Amino acid sequence: PNDTYTRIATSNAVTVSAAINKLAISVSQNIIAGTPGFSMVVESRSPSGVATNVSSNTAITVSVKTGTGTLGGTFSGTILAGTSQVMIGLATYTKAESGVVLTAARTSGDTLIAGDTAPFTVSPGAAARLAFTTQPGTAAAKSTIPGPPTVTLHDGKGNTVTTSIQS
């Protein structure tokens with residue numbers, strides 16, 4: 001038998017869209033809690049990581065993703081049309097701690113996927129005050145105070161300072 005078969009296949013329309021670009025954010029080195037602050041560079045990149053110009057002014061806001069401190073100062077900016085990056089700052093961060101991660105997200109303009117910094121460390125500022133860690137004990141007048149009391153150095157934001165050359 002010579003049977004003939006015809007295969008017919010149909011498909012819905014398929015739309016292929018370009019990959020969405022993403023944001024990359026980097027922070028300056030040696031960040032100190034509080035002032036004077038630090039700067040950040042936010043850049044539009046292709047999915048393969050190449051700097052890519054935006055087609056329209058694109059507003060960016062930076063926020064804390066990981067960390068217990070507060071971001072202050074200037075933490076938003078605009079990547080201008082025809083360029084690929086913006087420098088934002090000076091921003092401040094209140095808490096001396098390790099593992100801080102900031103996120104840059106677009107709020108208007110080109111569609112871009114949010115990007116994170118690599119984890120970084122914020123160091124305490126300069127010693128600004130002394131605080132009793134262990135209070136001295138009570139004693140009668142003209143007697144030795146029991147203890148010993150311990151004193152800790154703090155910066156202007158209340159972060160413990162572990163080394164200081166101040167006297």
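Predicted model: local features only at pLDDT ≥ 70, side-chain atom pairs only at ≥ 80, totals over all residues.

Visitor: How many salt bridges does a search of the whole structure find?
Guide: The general idea is a side-chain nitrogen of Lys or Arg within 4 Å of a carboxyl oxygen of Asp or Glu. Here the search turns up 2 salt bridges. One joins the side chains of E43 and R45, at 2.7 Å from N to O. The other joins K65 and D116, at 2.6 Å from N to O. K65 sits in strand 4 and D116 in strand 9 (residues 115-116), so this pair ties together parts that are 51 residues apart in sequence. Strands here are DSSP runs (E, at least two residues), numbered from the N terminus.

Visitor: What does the side chain of T103 make a polar contact with?
Guide: A polar contact is a pair of N or O atoms within 3.5 Å; within protein, one must be able to donate a hydrogen and the other to accept it, and residues adjacent in sequence count only if both atoms are side-chain atoms. For T103, the partner is the side chain of D116, at 2.8 Å. T103 belongs to strand 8 (residues 97-108) and is buried, at 14% relative accessible area. Plain contact means heavy atoms within 4.5 Å. Leaving aside neighbours within four places in sequence, T103 has contacts including T61, K65 and D116.

Visitor: How do I read the two faces of strand 6?
Guide: In a regular strand the side chains alternate between the two faces of the sheet. In strand 6 (residues 76-79), G77 and I79 make the covered face, and S76 and T78 the uncovered one. Two strands pair if DSSP finds at least two bridges between them. Strand 6 pairs with strand 4 (residues 58-66) in the antiparallel sense, over 4 bridges, and S76 is the bridge partner of T61.

Visitor: And loops? Where does G125 lie?
Guide: G125 is in the loop between strand 10 (120-123) and strand 11 (129-134), and is buried at 15% relative accessibility. G125 and A33 are 92 residues apart in sequence, yet 5.5 Å apart in space, C-alpha to C-alpha. Another loop residue, T117, lies between strand 9 and strand 10 and is buried at 7%.

Visitor: Which residues make the nonpolar surface patch?
Guide: Patches take residues with over 30% relative accessible area and no salt bridge, joining like charges within 9 Å and nonpolar side chains (Val, Leu, Ile, Met, Phe, Trp, Tyr) within 5 Å. Areas come from the Shrake-Rupley method with a 1.4 Å probe, and for residues only the protein chains shown count as cover. L130, F132 and V151 make a patch of about 320 Å². V151 lies in strand 12 (residues 150-154) and is partly exposed, at 49%.

Notes:
Residues numbered from 1 in each chain as written. Heavy atoms only, no water. Buried < 20%, exposed > 50% of the residue type's maximum accessible area, 1.4 Å probe, protein only.
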